[in-house]
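Thanks for coming. I will go through two contacts, one inside a chain and one between chains. Please have a look at the model first.

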Amino acid sequence: MMGRDLLGIEDLDRADLERILETAERMQEVGRRDVKKVPTLRGRTLVNLFFESSTRTRTSFEIAGKRLSADVVNFSPSQSSLTKAESILDTAMTLDAMDPDAVIVRHKVAGVPKRIADALAAPVINAGDGAHEHPTQALLDCFTVKQEKGRFDGLTVAIVGDITHSRVARSNLYALTKLGAEVRVAAPPTMLPIGIESLGAKAFTSLREALEGADVVMVLRIQQERLDGCFFPSIREYAATFGVDRKKLRFAKDDVIVMHPGPVNRGVEIAHDLADRRPGVILDQVRNGVAVRMAVLYQFAGRSAKREG
Amino acid sequence: MSDSPVQSPAASAARTRANGSRVALDDVAIRRALVRIAHEVVERNDQVRDLYLVAIPNGGVPLARLIAQQVREITGVELPVGILDTTLYRDDLAARGERPPLRRTEMPSAVDERVVVLVDDVVSTGRTIRAAMDALMDFGRPRGVQVVGLVDRGHRELPIKIDYVGKNIPTQREERVVLRGSKGNLEGDLEVVVLAEEESSA
């Protein structure tokens, strides 16, 4: 049973996930029509509150909201309002006073969407918070896996890259294991969090072993802007040992697919050609993102504006 | 519409069950009504080839298929059958609880210049038909729209007219009227049941 807010995949159960994926399938049919718009959220207002810039996620939510006929307002607090010392909560509560039907929050610090949700009347949807969760990315990844493979039970998914700093990895780990897939994570030891196995993943420091027999490979972005410490000797060495290319994919299943949350560092974590061509499915993920976010907005936007009790 | 398996097809209409629910139409009566409706549809539309049957799920789907089969037997024309979910066009998006699940929409042919015959199992307030017409217009510009309701139970809240009615069944507002199949999932023998209050609130 889903709560009022979507803060993380951790809070959802398998039935919730299946429900959202099934709804997304129906939403995809809307996206194939000549008139790609339904009146479901007519007269409702959605606020994209992005403290951290992200053109693709924000645009995806904006298109999803508009296809459901909602009015979508983008609000990206600039450095200037931070220098004016307006706190995050003040900003959020100012927006809340304008009665939005959902607030979509992205922030570089984990836990901010939860803090905002506790303070607001409107439902909050987490669009990525620090290294915590990015639930709609995991949902669109699972949707893409389901479309390609038709199932989760018995599938082996290898998540490759900076597991420690990746909210995408965390959310996918929760989602995929709840849906019944076997999840492996592969990274240099410096990027593999201690205790990751308690979340249900098998950890590997050898890419080759992690890819052995994999049905799906999820490649994570090397976030050079976030890595201030020395996690690997050089970009070139990372590309050589953990960069996914066709040669290394020979160890995976013949019908393996390669996913990436974007934006890609071509030639670093993923080979040039995989970014555009099969077995890479990166643009399909982007396409599916709109349908999945429509499903999420259908489920959460406008839910009980006032808290009980 | 929910449907759960029932023990056996009803032998006669309007039979009352022990729990107070009653069968308003059994499989034989439903098929008979659809044969008549198919004849009426053909009679009212000279250009049978322009017709397009569009079912409102879930109950409308098996009914539209049976009408298409009858029209083929009468005229030899194979009509397209579409499925149009109206959930995203409803006027009652709830603030609390989970949103209703969406059902499949499959519109195999364009609706432009065709006469669309909407097929629903139970028509009451008219709000579903209103939603279906709005949805239909997003798919194009039909030349006309007609409506089949296997059951018309009254309580209309909108100015919606049903062109082809299987049976008028007067009901109390609190009662629920459902089409269901003997094998569940609207498969097997069909029947229309008026559910008694305790069963409908369960």
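How far apart do the C-alpha centres of domain 1 of chain A and domain 2 of chain A lie? They lie 25 Å apart. Before going on, the conventions: this is a predicted model, where local features need pLDDT of at least 70, side-chain atom pairs count only at pLDDT 80 or more, and totals for chains, interfaces and linings use all residues. Residues are numbered from 1 along each chain as its sequence is written, and chains are lettered from A and ligands numbered from 1 in the order in which they are written.

In chain A, domain 1 is 9-134 + 287-300 and domain 2 is 135-284; the bounds come from an automatic or database domain assignment. To their contact, domain 1 of chain A brings 24 residues and domain 2 of chain A brings 23. Contact here is C-beta atoms, placed from the backbone, within 7 Å.

On the domain 1 side, helix H1 (14-31), strand S4 (124-129) and helix H10 (282-300) of chain A supply at least two residues each. H10(A) gives the most, 6 residues. Helices (H or I, at least four residues) and strands (E, at least two) are DSSP runs, numbered from the N terminus. By type, that side has 9 nonpolar, 7 polar and 8 charged residues. Nonpolar is Ala, Val, Leu, Ile, Met, Phe, Trp, Tyr, Cys and Pro; charged is Asp, Glu, Lys and Arg; the others, Gly among them, are polar.

Now the chains. Chain A has 17 residues in contact with 13 of chain B. H1 and H10 of chain A each supply at least two residues of that side of chain A, and H1(A) gives the most, with 5.

Key:
Two residues are in contact if their C-beta atoms, placed from the backbone, lie within 7 Å.
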